[in-house]
Amino acid sequence: MANIFFGRGKREKLIVEVCSNGLRALKLSKEEDSKIESVFLAAWPYRLAKEEEDFVDQLKKSLKSLAAQFSPKQHSVIVCATDHSNRQKFFQTVVIEDEEELEDFLLTKKIMPNEEDFVSEVHLIGKSISEIKNSQDILIQSVFRFPAQDAMDALEELGYELDSLEYSSNSLAPYYEAYYDEDSKSHDVLLSMDWETCIYNVYYQGELRFSHCIAFNLSSFVDLIIQKMELDENSAMLLVQDELFSFVLKDKPSQYDIPEDVVNEIKAELEYLKTELDRCKAFYISRVLEWKIENISKIICTGILAEIPVLVDYIKDNLDIPVTSYKPVEQMNLSEEVEAKLKGGLHHHFNCILGLALAYQGE
């Protein structure tokens, strides 16, 4: 049931990300050793996404600006929807190698999400690692049709050719390659946190073995601050990124008077995050592997998470696992224009599509 479109081989590619608080795009250059040539960002209020009609109106305005900068006749588009509805379901089935047969099986068993509400794709991880049964591991990746389908429809209306719909978890593999040692037998987690998604990917011998979207997103803290402290959205986002967790976890001073009920809600969410990280590890060891290991090898933090050291330290202090951070933008092949914009502070908005750009550069 993959929502895949086949392009006519246009040489210039755009990677477009749509989420609840903005539209982002990166353009890859034509050269074989391509670099990320241009960047586009159109932000809008986070709460706008709660009304589909208003959201679609704003999306179309932003896409017209995109089309003015990147001609639809010259570009094919890879779309990625990274709103909070991203979800993944790990499942084990009998070995079914044919993709259409596998999807028919999943639909018949009602394992696939509702097609009216979700756009989904089946990712075959591979044969299960098990001494007692012959099965295969699969990952069902899904996102709500709103806003993903709205974005794809609007892009087609403008004349863009759609190459594919990507899922946010797929963007992390190029980041992991920076750490992977072919001789390694370790089980490593890449933990990516952005404004609306928190993705837990486990890799073994360079291959994805498990993935889960944790229902923990920084936009919810922005919403909480707007409601409780009556700050504007930009100030609330800066507070979350710069001071909030240091205040809550380390009692460091803040320029704002943060109410106790806000602190308590954030502490409860952090406790939930710790519990979910523990559950993911336990699930991976007990169900996915079905062999005896006591722990995963390390957690690599990326995305906005890598920009908030006190939150990384919280994860490190609460899990019996080595934790490190990785900021991929520091090692990428960027044009001078893109480097100036991203390294000027925008890079944490582009974590997902920067990873996809690396993947498509590899092609």
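Thr 93 is buried, with a relative accessible area of 5%. This comes from a predicted model. Thr 93 belongs to strand 5, which covers residues 87–93. Which residues is Thr 93 in contact with, once neighbours within four places in sequence are left aside? They are Leu 102, Phe 105, Leu 106, Ser 135, Gln 136 and Ile 138.

**Helix 3**

Helix 3 runs over residues 145–158 and has 14 residues. From its first C-alpha to its last it reaches 19 Å. That is close to the 20 Å expected at 1.5 Å a residue.

The peptide bond from Phe 146 to Pro 147 is cis. Its omega is near 20°. Pro 147 itself lies in helix 3 and is one of the buried residues of that helix.

After helix 3 comes Gly 159, with a positive phi near 105°.

**Helix 5**

Helix 5 spans residues 218–229. At 1.5 Å a residue, its 12 residues should span 16 Å, and its end C-alpha atoms are 16 Å apart, which agrees. Is helix 5 mostly covered or mostly open? It is mostly covered, with 9 of its 12 residues buried. The buried residues are Leu 218, Ser 219, Phe 221, Val 222, Asp 223, Leu 224, Ile 225, Ile 226 and Met 229. Strand 9 (187–193), helix 6 and helix 7 are among the elements that cover them.

Helix 5 is followed by Glu 230. Glu 230 sits in the loop between helix 5 and helix 6. Its phi is positive, about 60°, although Glu 230 is not a glycine. Glu 230 is exposed, with a relative accessible area of 71%.

Asp 251 is found in the loop between helix 6 and helix 7. Asp 251 is likewise not a glycine, and its phi is positive, near 60°. At 65% relative accessibility, Asp 251 counts as exposed.

**Helix 6 against helix 7**

Helix 6 (residues 233–250) packs with helix 7 (residues 260–289). The angle is about 90°, and the axes are 10 Å apart. How are the two helices oriented: roughly parallel or roughly perpendicular? They are roughly perpendicular to each other, because angles from 65 to 115 degrees count as such.

Helix 6 brings Leu 244, Phe 245, Phe 247, Val 248 and Leu 249 to this contact. Helix 7 meets them with Val 263, Ile 266, Lys 267 and Leu 270. The residues of this contact divide into 8 nonpolar, no polar and 1 charged.

**Aromatic pairs**

How many aromatic pairs does the structure hold? It holds 12. A pair of rings is described by the distance of the centres and the angle of the planes. Two of the pairs are set out here.

| Pair | Centres apart | Angle of planes | Kind |
|---|---|---|---|
| Phe 210 and Phe 283 | 5.4 Å | 35° | tilted |
| Phe 221 and Phe 245 | 5.6 Å | 75° | edge-to-face |

Phe 210 lies in strand 11 (residues 207–213) and Phe 283 in helix 7, so this pair ties together parts that are 73 residues apart in sequence. Phe 210 counts as buried, at 4% relative accessibility. Phe 283 is partly exposed, with a relative accessible area of 22%.

Phe 221 lies in helix 5 and Phe 245 in helix 6, so this pair ties together parts that are 24 residues apart in sequence. Both Phe 221 and Phe 245 are buried. Phe 245 also takes part in the contact of helix 6 with helix 7.

Which residues do ring pairs link into a cluster? The cluster holds Phe 90, Tyr 200, Phe 210, Phe 283 and Tyr 284.

Definitions and conventions:
Residues are numbered from 1 along each chain as its sequence is written. This is a predicted model: local features need pLDDT of at least 70, side-chain atom pairs count only at pLDDT 80 or more; totals for chains, interfaces and linings use all residues. Side-chain values use heavy atoms; hydrogens and water are left out. Helices (H or I, at least four residues) and strands (E, at least two) are DSSP runs, numbered from the N terminus. The expected span of a helix is 1.5 Å times one less than its number of residues. Buried means under 20% relative accessible area, exposed over 50%, partly exposed in between (1.4 Å probe, protein chains only). Axes are lines fitted to C-alpha atoms, for helices over the stretch in contact, and angles run from 0 to 180 degrees between N-to-C directions. Angles under 35 degrees count as roughly parallel, over 145 as roughly antiparallel, 65 to 115 as roughly perpendicular and the rest as oblique. Contact means heavy atoms within 4.5 Å. Ala, Val, Leu, Ile, Met, Phe, Trp, Tyr, Cys and Pro count as nonpolar, Asp, Glu, Lys and Arg as charged, and the others, Gly among them, as polar. Rings of Phe, Tyr and Trp (its six-membered ring) pair if their centres lie within 6.5 Å; planes under 30 degrees apart count as stacked, over 60 as edge-to-face and the rest as tilted.
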